[in-house]
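Biologist: Please bring up the model. I would like to ask what the labels rest on.

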Amino acid sequence: MATPTSLPETARRSYWGNVWSTIKSTAVGMGITFRYLWSKPFTVQYPDEKLTTDERYRGIHYLEQDLCICCNACAKACPIDCIEMEATRHGKELEWHQFDLDYQKCMFCELCVYPCPKDCIHMGKEYALVTEDRGTLNMDLLTWQGLTEEQKVRIAEAEAKKAAKKAAKEAAAKKKAEQENREEA
Ligand code: SF4
Ligand code: SF4
């Protein structure tokens with residue numbers, strides 16, 4: 001094996017250059033290692049610990065269900081038809097059946113948020129969408145727990161009022177028809 005002294009002048013210089021370069025880069029690397037050795041670690045134990053997201057981060061939506069009027073404006077604004085909703089109207093009251101958002105398609109563009117007349121759909125901070133079942137990515141955003149007792153009373157009153165109005169109208173029509181028949185007779 002060739003020793004440094006048996007090498008030509010240029011090769012010898014390159015040999016000692018390489019040795020010096022190795023020592024220097026090792027020293028620089030170890031310097032960085034020692035600089036961070038005693039500092040607080042940057043890693044977090046996810047999912048037990050989570051980093052806080054930026055104020056403008058666009059994560060999983062959240063819906064203020066009690067404010068939503070089922071106007072479909074958010075669904076119409078979505079460029080890839082991610083949102084589907086269904087509710088039965090009882091006068092002013094809504095009986096919700098569905099408010100789904102499909103995160104297999106959603107691109108977190110926020111276009112559904114701007115047209116909402118009630119400002120009740122928002123981009124949240126939650127980002128964990130890892131799953132083994134794609135079906136779970138079609139998420140139900142409903143926080144609706146069914147009609148409240150007051151809503152049920154209001155609906156019953158409104159329906160009773162409507163039925164009474166209809167009966168009165170029918171009775172008036174019947175009375176009018178009887179009167180016309182009597183006049184013809
Ligand atoms: S964030 Fe964009 S893609 Fe997702 S539901 Fe809203 S409009 Fe559709
Ligand atoms: S635009 Fe707003 S109020 Fe209308 S359905 Fe969507 S979330 Fe509800």
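**What the labels rest on**

Modeller: By class, ligand 2 has a shell of ten nonpolar residues, one polar residue and one charged residue. The model is predicted, so local features need pLDDT of at least 70 and side-chain atom pairs count only at pLDDT 80 or more, while totals for chains, interfaces and linings use all residues. Residues are numbered from 1 along each chain as its sequence is written, and chains are lettered from A and ligands numbered from 1 in the order in which they are written.

Biologist: Which residues are around ligand 2?

Modeller: They are Cys68, Ile69, Cys70, Cys71, Asn72, Ala73, Cys74, Cys116, Pro117, Lys118, Cys120 and Ile121. Each is listed because its C-beta atom, placed from the backbone, lies within 6 Å of the ligand.

Biologist: How many residues surround ligand 1, and which are the closest?

Modeller: There are 13, and Cys78, Cys82, Cys106, Cys109 and Cys112 are the closest. Twelve residues of the shell around ligand 1 are nonpolar, none is polar and one is charged.

Biologist: Why is leucine 63 called buried?

Modeller: Leucine 63 has 22 other C-beta atoms within 10 Å. Buried means 20 or more, exposed 12 or fewer, and partly exposed in between, with C-beta atoms placed from the backbone, so leucine 63 is buried. Leucine 63 lies in strand β1.

Biologist: What does leucine 63 touch?

Modeller: Not counting residues up to four places away in sequence, leucine 63 touches Cys68, Phe99, Cys120, Ile121, Leu141 and Thr143. Contact here means C-beta atoms, placed from the backbone, within 7 Å.

Biologist: Which residues make up the largest nonpolar core?

Modeller: Nine residues do: Leu63, Cys68, Cys74, Cys82, Ile83, Phe99, Leu101, Cys112 and Ile121. A core is a set of buried Ala, Val, Leu, Ile, Met, Phe, Trp, Tyr and Cys residues joined through C-beta atoms within 7 Å.

Biologist: Why is asparagine 72 called exposed?

Modeller: Asparagine 72 has 12 other C-beta atoms within 10 Å, so it is exposed. Asparagine 72 lies in the loop between β1 and α2 (73-77), and its phi is positive, about 70°, although it is not a glycine.

Biologist: What makes such a phi worth noting?

Modeller: Most residues other than glycine have a negative phi. Aspartate 119 also has a positive phi, near 50°. Aspartate 119 is in the loop between β3 and β4 (121-123) and counts as exposed because it has 10 C-beta neighbours inside 10 Å.

Biologist: How do you know that β2 and β3 pair?

Modeller: Strands pair if DSSP finds at least two bridges between them, and eight join β2 to β3, so these strands pair. Helices (H or I, at least four residues) and strands (E, at least two) are DSSP runs, numbered from the N terminus. β2 and β3 run antiparallel, and in β3 tryptophan 96 is the bridge partner of alanine 87.

Biologist: How many bridges join β3 to β5?

Modeller: Three bridges join β3 (residues 93-102) to β5, again antiparallel. Aspartate 102 has asparagine 138 in β5 as its bridge partner. The open sheet has the order β2-β3-β5.

Biologist: What makes β2 and β5 edge strands?

Modeller: β2 (83-90) and β5 (138-140) each pair on one side only.

Biologist: Where is the cis peptide bond?

Modeller: The cis bond joins tyrosine 46 and proline 47, with omega about 5°. Proline 47 is in the loop between α1 (9-37) and β1 (61-63).

Terms used: Ala, Val, Leu, Ile, Met, Phe, Trp, Tyr, Cys and Pro count as nonpolar, Asp, Glu, Lys and Arg as charged, and the others, Gly among them, as polar. Two residues are in contact if their C-beta atoms, placed from the backbone, lie within 7 Å.
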